[in-house]
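Take the fold first as a whole and then residue by residue. Keep the sequence at hand while reading.

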Amino acid sequence: MKAVLSKETGGPETLVVEEIDIPTAGSGEVLVKVAACAINFPDTLIIRDMYQFKPPRPFAPGGEISGTIEALGEGVTDFAVGDRVMCGVGNGGLQEKVVVPAAKLFKVPDGIDLVKASALLMTYGTTIHGLKDRGDIKEGETVLVLGAAGGVGLSAVELAKAYGCRVVAAVSTEEKGEVARKHGADEVVIYPRAPFDKDTSKQLANDFKAAVGPDGANIVYDIVGGDYSEPALRAIAWEGRFLVVGFPAGIAKMPLNLTLLKSCDIRGVFWGAFAAREPKRNEQNIQELFDLWKAGKIEPLVSETYPLERAHEAIAKLENRGAIGKLVVVME
């Protein structure tokens with residue numbers, strides 16, 4: 001079978017497509033024929049040895065897949081050959097078949113496209129955990145979303161609207177702003193490209209404040225980090241919750257005096273660890289996402305698909321912050 005392999009540390013240009021042996025499902029595992037593998041920010045890091053986990057080389061990147069079960073390992077009783085499933089695999093998704101623990105699988109309901117299903121788990125799973133479990137989201141609140149046109153960002157726009165909130169989407173271009181509006185954003189802020197000097201940072205803070213209104217943002221959902229974080233924190237409400245989700249623009253250095261002045265919280269959102277530590281709560285969240293999808297309140301935006309041989313292009317586009325919605329590699 002074909003696989004995209006990282007055989008040396010480096011960027012997307014170092015990835016190669018090679019033939020490898022088909023793996024065999026062991027006890028408690030299943031063999032999944034991959035239909036689609038969504039590309040996520042960790043894929044840009046793991047091939048550079050910059051992610052929390054460093055698998056031994058050679059390995060296939062790709063942490064989020066959908067597909068159909070081809071074979072069951074010993075002791076697997078909750079699934080059958082032919083079941084349509086999705087799961088997070090950490091790495092290994094950019095290959096035609098992959099073995100995963102059955103405990104990590106979620107059945108994909110009938111009527112839901114497998115390609116779009118591959119784009120649900122890490123984005124919407126992260127966001128429902130962030131907004132509900134870490135953000136204590138309430139109907140009628142104002143939510144400021146940074147990086148609002150990417151996969152995670154659009155999931156935050158849609159879910160915040162589904163929970164009855166007013167959403168301010170912060171993006172880098174008017175094109176991305178239009179996408180955020182189509183997915184429910186009430187206001188859009190176009191921010192410049194970092195790095196910022198003091199005046200630019202102050203102006204962005206004022207732009208955020210004007211958009212969220214005089215009471216500030218009850219939740220800031222920060223997927224971007226870097227120079228964008230402090231201006232957003234300055235626009236937070238009294239007792240607001242600043243959610244740290246990711247930092248493709250760099251790790252922010254936050255002035256902690258602002259947390260005192262606003263009596264606000266800065267909270268981390270590490271969905272992967274939450275899913276591992278509290279699988280039952282995570283399962284409940286994923287079921288809620290399917291219910292919201294069926295109700296027409298959310299639906300992953302897959303803006304581009306790529307064949308396996310061009311997976312490196314998808315990773316490069318995401319790394320360069322050119323993606324709108326989700327980029328997905330399809331096997332057929």
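Is Asp 21 buried or exposed? Asp 21 is exposed, because its relative accessible area is 70%. Here buried means under 20% relative accessible area, exposed over 50%, and partly exposed in between, with a 1.4 Å probe and protein chains only. Asp 21 sits in the loop between strand S2 (16-19) and strand S3 (29-38). Phe 274 is 253 residues from Asp 21 in sequence and 33 Å from it in space, C-alpha to C-alpha.

A word on the source. The model is predicted, so local features need pLDDT of at least 70 and side-chain atom pairs count only at pLDDT 80 or more, while totals for chains, interfaces and linings use all residues. Residues are numbered from 1 along each chain as its sequence is written, and side-chain values use heavy atoms, with hydrogens and water left out.

Now the whole chain. The protein chain has 11 helices and 15 strands. These are DSSP runs, numbered from the N terminus: helices are H or I with at least four residues, strands are E with at least two. The C-alpha trace spans about 60 × 40 × 30 Å along its principal axes. Of the 332 residues, 54% count as buried.

Next, the interior. A nonpolar core is a set of buried Ala, Val, Leu, Ile, Met, Phe, Trp, Tyr and Cys residues joined through side-chain atoms within 4.5 Å. The largest one holds 45 residues, and Met 86, Leu 159 and Tyr 221 touch the most other members. Elements that each supply at least two residues of this core include helix H3 (121-134), helix H4 (151-162), strand S11 (217-222) and helix H10 (279-294). Another core, of 34 residues, lies apart from it; Cys 37, Tyr 51, Val 98 and Ala 102 are among its members. Beyond residues up to four places away in sequence, Met 86 touches residues including Ile 65, Phe 106, Leu 121, Ile 286 and Phe 290.

What of a loop residue with cover? Ile 223 lies in the loop between S11 and helix H7 (229-233). Ile 223 counts as buried because its relative accessibility is 14%. Apart from neighbours within four places in sequence, Ile 223 is in contact with residues including Val 145, Val 152, Val 245 and Phe 247. Ile 223 and Leu 243 are 20 residues apart in sequence, and their C-alpha atoms are 8.5 Å apart.

Key:
Contact = heavy atoms within 4.5 Å.
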